[in-house]
Amino acid sequence: MLTDLTIAQARDGLRAKEFSAVDLTMAHLHAIEKLNTRLNAFITVSHSQALDQARAADAALAAGEARALTGIPLAIKDLFCTAGVRTTAGSKILGPFVPPYESTVTANLLRDGAVLLGKTNLDEFAMGSSNMTSAYGPVENPWKRKQDETAVLVPGGSSGGSAASVAARLAMGATGTDTGGSIRQPASFCGLVGVKPTYGRCSRWGVVAFASSLDHPGPFARTVRDSAILLGSMAGHDPKDSTSAAVPVPDFEAACARGVKGLRIGVPREYHSDGMPAEIDALWQQGLDWLRAAGAEIVDVSLPYTKYGLATYYIVAPAEASSNLARYDGVRFGARENGEDLRDLYERTRAEGFGPEVRRRVLIGTYVLSAGYYDAYYLRAQKIRALILKDFTDAFAHVDALLTPTAPSAAFAQGENMDDPIKMYLNDLFTVPANLAGVPAASVPVGLDANGLPLGLQVIGKPFDEETVFAVSATLEQAAGFTALPAIRAGG
Amino acid sequence: MSLDHATVRRIASLARIRVEEHEVEPLRNELNGILGWIEQLNEVDVTGIAPLTGATNMAMAMRADVVTDGGYADKVLSNAPERIGDFYVVPKVVE
Amino acid sequence: MTMQPKYAIEGSTGTWEVVVGLEVHAQVISNAKLFSGAATAFGAEPNSQVSFVDAAFPGMLPVINAECVAQAVRTGLGLNARINTVSRFDRKNYFYADLPSGYQISQFEHPIVGTGEVEVELADGSTKVIGITRLHLEQDAGKSIHDQHPTKTLIDLNRSGVALMEIVSEPDIRSPEEAGAYLRKLRSILRYLGTCDGNMEEGSMRADVNVSVRKHGEPYRTRCEVKNVNSIRFVMQAVEAEAARQVEVWESGGTVMQETRLFDSGRGITRSMRSKEDAHDYRYFPDPDLLPLVLEEDWIASLKAALPELPDAKRARFIQSYGLSPYDAAVLVAEKATADFYETVAKGRDPKIAANWVTGDFFAAVNRLGRSIEDPPVTAAALGGLLDLMADNTINGRIAKDVFEAMVETGKDAATIVDEKGLRQVTDTGAIDEAVDRILAANPDKVEEYRSGKDKLFGFFVGQTMNAMAGKGNPGLINETLKRHLAAQKE
Ligand SMILES: [Mg+2]
Ligand SMILES: [Zn+2]
């Protein structure tokens, strides 16, 4: 099956003319046709544009001008603006929005010859951990519980559609964004590799903003090597983003083969939580054993402020979001509700256009920035953020990378964890600190729980040292030999 | 700190989100639940800690003073829900 | 310190002092906007100078324009102010039709320029120092057009994102006159620096006027902010009107409420703004799309080294090296263009005569014809040419005035007019002898009176002789010849 190939395999097959880019794209478009009605992973499928790009890829291949991703079909989270292709951010308020510009990350992918299949579903404005807040309906996780095939599981969020599409073989890889775990948690839930690079590594230009200081674009793939290939293309300095780092992009793919011999891997003791399922703890120990066996030294470290990460995040992210989302006012783009006067128009447009979770976060964010509360909430959170960064800086003085679980559970069913927002927020307990500190982190699938659902481990690295993250991730991947497949998939 | 009815109304108004009267109480409970959980941050001693604004410690690069953008009124207006000529349109604003 | 009576309002309960602070928004001169590459030119087609950044499209990000930063630093240096090597940008959050992102990027906690000062000259010849609190960079908003449609407001975002400097003064101003003098001086400095064109009609300079009143020796009372006043005259009127209103409120037993007001220039009053915004809560916080703005000391030094001579320094130099009166010097340096015009005229010539001509006949012609220094009725070079003809005795001062008027009228240069009209001064002693003889012969009675001691009549003889020579006689030779002839007759 062409849809089962990894990106690295497909790249070789295309160059060897074993199949064409059009063949490969058609196979994925057919898979989408067949499965998307059920999975709801794509909001928009750009069928004809994808075929045009595939034909152009074949022409480039024929001319011997292949680039890193020539002919590789990818899915794009519907938070990346794509010229001429509707971009909704999972929100009703952007339902009619067709950007006249291309985000830097997708432009980089196109520059490297990628075929963009369409735009994937997500939690509204990337606010969620289950994909249940999308205005375009929930996404079904292609994995099934062994004991209960009827339960519809969530793919995680917010990049749930991207994760589900890659897991179900509807795309060979996908882009995501990670503000508090939105790549790593769905990667863990869907048995994928997900990478959140260093803040500033991938441009945010053209990505609908949720929380500017926390938003990180990054890739999903089925192997560590594929994710390295994708990140290599997505990354790079962008003068249009003031927070983009002017540092060269190393050869991430090569870093995957480095191994971990001589590396010091930190185990942050604060990531042991009481409520954590025993099998996750066991898998974590297993991961450490694998790394030790591969020549790494395992070191206990302490990140004492980690436990405050989540609450800190729920001040900083809503505060920034409340301001970033002020532009959705029904005047220049997107949906509008008419009103008696301008104020009424704003209030109706935003009440109608935003779903409950977005409204909740905008209100929390407005409150924590408002007069009299700024110091108690926002300023305090920024100070704790400084302490969390210091935790990482101190730890990285002694170790090369950290290993932790990615999420406190495997994928849960639609409807579970939905009664209380905080329960949902707890999904991101282990992922949020890396966003607050801006350090790179990846989730690697390493095993299954008792229900047969995938579980991931998280590798966290030093700023701009994704290479070590890839080296550790590839070592774990190899040791784990994770070959399980989701129940719902192309050809499955 | 716990939000009262009037505060919920005030922040909704600041955020320009219409909230129906019957929505205020449920919203107030949800928001107070979240804010109550956030209270845990009060146990952290932040004395003398400089606030961290973002996840990067670079200084800002500046661009040259060259006109490189604009000149496409049609593109900036192409998504507008309402337009008159090359203007955006809103209900009449009284100052 | 001046002991002159200050501006005061005599109320029924005593004398009130006016306390004024100004927040001036000055549009930065730059090609492109503060955070986008769109153009800044005035008067373009609607929404034609708008990038996706300026219209706050999803995913758009700001990148700062180095020239706007340099302009702010130059202005700070020109205001003798402290330049902050680290500053930050904050978001000021509020919803408004012409504010696309729902926030203005401004500088709240850490402005680029700190405290400075401006010295102003007042009509009584005294000077006063007005403190500058700060200068910060921020974005301008777009424009709402309310009068094109019965039920709609139209929005043009051309100005959205243009760089502004907000220059905040200390509440050091005590009268409408001082407010006007401060604004004129500030505008002059900005124009000298080339950082703002100071054009209030086009809105490139606007003032928010903070006014309060108090009895002598009291702490400050509540102030009101009169927003967006767009001429110096209106600022002066607004201070007067608002101060008078506040005195009336206090004296009638009321309380002045802190609020934002508008100046109604037609009626000469201030009024409360109708749209009662819910108590402003701007929720300032550091803009997470931007990083700290860090300035190198060397860069600041290089900007400082390249600053032009500013009005105060130029005035001192005009007094010192040209020997001008402080008054003339102040008049000539008020606008850089005027000072440059003057220096072109004065170069290689008598500087005082040049000053008299520029501030005299030349200014009179400019005003009479509604022209400007940028579009002068006579160029500096042409005026210099006229002065040269006087200096080498080709014409005398009296003829020069006529030549100047002919130059204004015809645009021809002085030498051409003198030649065409035959205005060359007569220095032929024979011709002068003859004219003097004729005048003395025709006025024997006056000669008699002169001889008997009525010296004042000498002027009469000069005038008569000059008239007889159609104004072209060399005044020195006429004087000399007359003295000789009258003396001869006396004997
Ligand atoms: Mg102001
Ligand atoms: Zn301002």
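**Close-up 1. The residues around the largest cavity.** In this predicted model, 23 residues line the largest cavity, and those nearest its centre are C:Val53, C:Asp54, C:Ser101, C:Ile105 and C:Gln139. A cavity here is a set of points, on a 1 Å grid over the protein atoms alone, where a 1.4 Å probe fits but cannot get out, and a lining residue has an atom within 4 Å of a point. With three residues, strand β5 (residues 103–106) of chain C gives the most to this lining; strands are DSSP runs (E, at least two residues), numbered from the N terminus. The lining splits into eleven nonpolar, seven polar and five charged residues, where Asp, Glu, Lys and Arg count as charged, Ala, Val, Leu, Ile, Met, Phe, Trp, Tyr, Cys and Pro as nonpolar, and the others, Gly among them, as polar.

**Close-up 2. The zinc ion (ligand 2) and its donors.** C:His25 (NE2), C:Glu138 (OE) and C:Glu166 (OE) are the protein donors, 1.9 to 2.1 Å from the zinc ion. Donors are N, O and S atoms within 2.8 Å of the metal (3.2 Å for Na, K and Ca); water is not among the atoms, so the site may look incomplete. Within the site, C:His25 sits in strand β2 (residues 14–27) and C:Glu138 in strand β7 (residues 127–139) of chain C, 113 residues apart. Both C:His25 and C:Glu138 are buried, meaning under 20% relative accessible area (1.4 Å probe, protein chains only).

**Close-up 3. The two metal ions.** The zinc ion (ligand 2) and the magnesium ion (ligand 1) are 4.2 Å apart.

**Notes.** Residues are numbered from 1 along each chain as written, with chains lettered from A and ligands numbered from 1 in written order. Local features need pLDDT of at least 70 and side-chain atom pairs pLDDT 80 or more, while totals for chains, interfaces and linings use all residues, and side-chain values use heavy atoms, without hydrogens and water.

Conventions: Helices (H or I, at least four residues) and strands (E, at least two) are DSSP runs, numbered from the N terminus. Buried means under 20% relative accessible area, exposed over 50%, partly exposed in between (1.4 Å probe, protein chains only). On a 1 Å grid over the protein atoms alone, a cavity is a set of points where a 1.4 Å probe fits but cannot get out, and a pocket is an open set with protein on both sides within 12 Å along at least five of seven lines; lining residues have an atom within 4 Å of a point.
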